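These entries record what I looked up in the structure, in the order in which I looked. I began with the whole chain and then turned to one strand and to the aromatic rings.

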Amino acid sequence: MIKLPSSIYNSTKLVFILMISLVLVFILNSVWQFISHIDELSFSENSPLVTSDFSYAIDHDNSLNIKTLIKSKEAEARFTPSLANDIPYALGLQSYWVKININNNTPNTQSVVLHADNSMLAFFDVYKVNAMLESATQIAQQKATFEQDTLLDVFPHVAFDLLPKSTMQVIVHVKSDGPPNVPLTLYNKDNFNKRIDYSQIVYGIFIGIILLMAIYNLVLYFAIKDKVYLVYIGYLLSSFTVLAGLTGYGYLIFSKDVQYFIHQYLLFINYYLIFFLLLFSLYFLRYDQTKSTLYKIGMISAGLLIVVAFYSLTLDQIAQTKLFFSIQPFFYLFSLFIIFRRLSKDFAWARFYFISWVPFLAGAAIQPLVLLNYVDSTFITRNAFLFAVMIEITFMAFALAERMRRNDQDRIYDICYHDFTKLPRKSMLENAMNEMKISGKNDFCVMIIKPEHIEQISLYIDDKANAALFKRLSRRLSSLFIHNDAIVKLSSNHEKICFLENNCLAIIVNNEKNQQDLPVLIKSIQQLTSETFQIDDLKLPLSAVIGVANHPEHGSANYLLINHAQLAVNDAQLVYGRWAYYQSEKSDHTSYLLKLATDLKEAIENDTLAIYHQPQIDLKTLRVCSSECLIRWEHPREGFISPDIFIPLAEDLGLINQLTLWVIKRALAQHQQILVNNNHMVSINISGKDIAHEHFFTNALSIIEESGIAADKIILELTESASISHNKQSLELIQKLGDLGFTISIDDFGTGYSSMAQISHLPFQELKVDRLFVENVNDDHKRKTIAEATVKMAKGLGLEVVAEGINSQEDEDTLRSFGCDIGQGYYYAKPMPIDDYLDWLASQNNGRTQKRVDLDGEFIPADKI
């Protein structure tokens, strides 16, 4: 496919838009000329053929009659001269008498039609007064009955002939059952027939548009099942019905009974028009999907509107009209407000709907003013609302089409992009690899970038903060990659970074185009990551761990390359440079891990693991009050293996419960030695997976009972608390442990939403502040603020607080000032084997550390003895 240069493409697009605009202008101008011509059909005030002058009398109590008006002495004085459009029709019970002197200025007989432009007349009586002004002959009598001709209902009128060079006086008695304004207009008979034809053409076009739009949107509803189309149909039909009553075209398509019903309840139907317009705004703009406060206000308002509509039926016509026009603006303003609210939040696709309100508001303002006789009546102004609705529903159709297109784009976007970070998903990474292979570019590698300790940090922040962190990191990395052609583009938007679900980023490096050594690129990524990794203003000096898998050396299938690169990340955590290739000599990494798991199982069974103790210090008295038991593994071939490696392995392969039970048994056996000379508690880590295990509770209790250690001497530090915070069975088990006297401690508490949620679900007595926010607490204001807020919140809930990671006197003093109860860290001692720990305890001064002896206070475990 040949692609045009962007400049040529943009120029072509501009010319196309201009051509379409010119066509639209021509069409609109033609329509305007046609509509304007309708008003030119009547006799103007300065017509050379027929002229007329008007005067009116208001019959306030409807007591006047034609005889009184032509024979009484004050008859002439009752009438006030006026222009036809200036007769002061107004809401009320009064009727109007209009006297018209019609002059034929030509030597020929003129066939004249007097038209009352209001299809909701209570009566329209026309009298011809004789030349002597002594008597009157009724030449027309039309009432709100069902016996009249249809055209008379739609276009009330009377026809008569004017003799050459003569004057005729007619008196019209008129009253409306609906809008008070009754424009009286004189036409030549042929022109009046054209007026009827043109009006019916306009009404027919409108009726056709409404019906086609309703049917089309009904089909769309059955196809898409989106309620917005049903609401739109409701708006179309309510607009159709309201205008059928206002213009009278309902007589052309309904029975007279139905049209009379519409006339009688026209204001009531108007409420439904606003009701559906409000609902359409809410559904079109997707407020129903968020269930926000504005959505609730809108739905309540819509319900109240219907209640007011039924209440209005108990009022008289004048009160109904005043009530409707007093509340109508509030609903329009609310609808406009929610439109502007959405437009300000990247809802540019709703612009057509916003534009549709311009003609609607203009028509909704002009037509009532005409009907209430505040604006001169012309064909355009009297049908302003009809024309406005025609234009509005056209733009609304565009808006719905644009919304549908945007919905399709959003669905594609959801498939291709991650919800929170808005970064490309794994599928786009795989597509890019497929394109590389198809084009014959087989020398490339997949690189996985994982922020250091992201699993632990994610426990302390909510999803929003986590997403913000990765978006910030992605922006910085994108600036590094933007001019590097070796980094493969994943999308047409030139995005090069993919987000994987396990909090990793991934890129593809085209080795053929890479002009720098891979370690140099990796070093740049790690340096930039270290500079960027921060939560709000809290900067964390953390780098990135990177795994690399080459194609086709480390796999030809996309999923294998990605998985192998992720396995390389695990290897990278154990090496100095914090990056590694997938090790093909261990090519079946699963076999390696299975062998390591087998060795771990043997170590548990052969009792070759070790327990180390790290003391916990009462910050009020500086006495040693407890020790945390930490597991260590010295592998006979691999050497020291970090718990960060083998504990996740034990969890993944189902060994964690066996491992935890071993720790409990060994820790309690050693604790018996500690209790000989020390008032001391023991803290043992258990995970959420332990709690969820079917037999953990009974097995753990059996070991504890055999040890002879009282439950109130044992602290169970719960890790992965998020995994059980909504597990009813696990919560009940924790509650049982608490009831038996065990102290339950949260070991992974942070400042994020997930941790706050745990507080409301887990029955615990102690909270542990992670070393991430304790180490060098005075060096960073944000870190200090988070630590202080955490401690004070926990104290406010009546919890004991342990600060892990105290490395200096300053750390200790600061945490004590916050109200922290217990301290733990290298400032006091590193984790030690049991024999070394017993020696360390013996070296203390009556149970106190040698750091300071000027403090005194209650010894924390005293009430647990």
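**Entry 1: the chain as a whole.** I note at the outset that this is a predicted model. I counted 30 helices and 26 strands in the protein chain. The chain has 865 residues, and 51% of them count as buried. I then looked up the accessible surface, which comes to about 40900 Å², with 57% of it belonging to carbon and sulfur atoms. For contacts between residues at least 6 apart in sequence, I found that 72% join residues at least 24 apart.

**Entry 2: strand β10.** I asked how many residues of strand β10 (residues 444-451) are buried. Eight of the eight are, so the strand is largely enclosed by the rest of the structure. I next sorted the side chains by direction. F444, V446, I448 and K450 point one way from β10, while C445, M447, I449 and P451 point the other way, and all are buried. The general rule I had in mind is that side chains in a regular strand alternate between the two faces of the sheet.

**Entry 3: the neighbours of β10.** I looked up which strands pair with β10. Strand β12 (residues 504-510) runs antiparallel to β10 and is joined to it by six bridges; I449 stands opposite L505 of β12. Strand β15 (residues 544-551) also pairs with β10 in the antiparallel sense, over eight bridges. There, I recorded A549 in β15 as the bridge partner of V446.

**Entry 4: aromatic pairs.** I found 27 aromatic pairs in the structure. One of them joins Y89 and Y96 edge-to-face, at 4.8 Å centre to centre and with 65 degrees between the planes.

I then took up F268 and Y272, an edge-to-face pair with centres 5.4 Å apart and planes at 65 degrees. Both residues belong to helix α9 (residues 266-284); they are four residues apart, and therefore separated by about one helical turn. F268 is buried at 14% relative accessibility, whereas Y272, at 24%, is partly exposed.

I also recorded a cluster in which ring pairs link Y203, F206, F240, Y249 and F254.

**Entry 5: charges over rings.** Finally, I looked for charged groups over aromatic rings. R632 lies over the face of Y612, 5.7 Å from the ring centre. The charged end of K736 sits over the ring of F697, at 5.8 Å from its centre.

Conventions
Residues are numbered from 1 along each chain as its sequence is written. This is a predicted model: local features need pLDDT of at least 70, side-chain atom pairs count only at pLDDT 80 or more; totals for chains, interfaces and linings use all residues. Side-chain values use heavy atoms; hydrogens and water are left out. Rings of Phe, Tyr and Trp (its six-membered ring) pair if their centres lie within 6.5 Å; planes under 30 degrees apart count as stacked, over 60 as edge-to-face and the rest as tilted. Helices (H or I, at least four residues) and strands (E, at least two) are DSSP runs, numbered from the N terminus. Buried means under 20% relative accessible area, exposed over 50%, partly exposed in between (1.4 Å probe, protein chains only). A charge sits over a ring if NZ of Lys or CZ of Arg is within 6 Å of the ring centre and within 35 degrees of the ring normal. Contact means heavy atoms within 4.5 Å. Accessible areas come from the Shrake-Rupley method with a 1.4 Å probe; for residues, only the protein chains shown count as cover. Two strands pair if DSSP finds at least two bridges between them.
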